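Hello,

Here is the structure I promised to pass on. Please open it and read my notes alongside.

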Amino acid sequence: MKGLREHVTPEALRLRAGDRTYRRGRDYADEGRVVDLAEDGPVIIGTVEGSHDYEVVLEVEGDDLVGTCDCPMGQTGAFCTHLVALGLAWLAQAGEPADPGPRAPVRGRARPRRITTEGLPTLSTLRERVKAFSRRPVECWR
Ligand SMILES: [Zn+2]
């Protein structure tokens, strides 16, 4: 049975999570949202800060990498953002062996921090609300 080092790779995480979730997870890791990280044999346990703090477990099971997270997405059995973040944080801490030579500065990327708009109403939602409000009887305004 192979260990964490063979199974926890950026590629393995991306394959399980999908591109979109992987990118968000990478942002989480970059932003230092993995606040707690412990390794125990084939298991990584951590805490990832999101809208809540989530308990995240990554585990090599047989010849596969599996994860559990107590976020809403994780509870559906999906490989969620937090699992990606935990895996990447673990890699950063363990020193990724698949990345020889000078390590690229992860935090030095010249791109603006993404501001998450998750949970906020979109512009079109706001427009609809304004429209709905203005359709009220005119008496309301007097
Ligand atoms: Zn999660």
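Below is what I found in it.

First, the ground rules. This is a predicted model: local features need pLDDT of at least 70, side-chain atom pairs count only at pLDDT 80 or more, and totals for chains, interfaces and linings use all residues. Residues are numbered from 1 along each chain as its sequence is written.

The overall layout: the protein has 6 helices and 4 strands. Both are DSSP runs, numbered from the N terminus (helices H or I, at least four residues; strands E, at least two). From the N terminus the order is α-α-α-β-β-β-β-α-α-α. Of the 142 residues, 27% count as buried (20 or more other C-beta atoms within 10 Å of the residue's own, with C-beta atoms placed from the backbone).

Next, the hairpin. Strands β3 (residues 53-61) and β4 run antiparallel, joined by 6 bridges. Glutamate 61 has aspartate 64 in β4 as its bridge partner. The hairpin has 2 residues between the strands, and glycine 62 takes a positive phi near 65°.

Side chains alternate along β4 (residues 64-69). Leu65, Gly67 and Cys69 point to one face and are buried.

Finally, a helix pair. The axes (lines fitted to C-alpha atoms over the stretch in contact) of α3 (residues 19-30) and α5 (residues 81-94) come within 7 Å and cross at roughly 50°.

Best wishes

Conventions. Axes are lines fitted to C-alpha atoms, for helices over the stretch in contact, and angles run from 0 to 180 degrees between N-to-C directions. A residue is buried if 20 or more other C-beta atoms lie within 10 Å of its own, exposed if 12 or fewer, and partly exposed in between; C-beta atoms are placed from the backbone. Two strands pair if DSSP finds at least two bridges between them.
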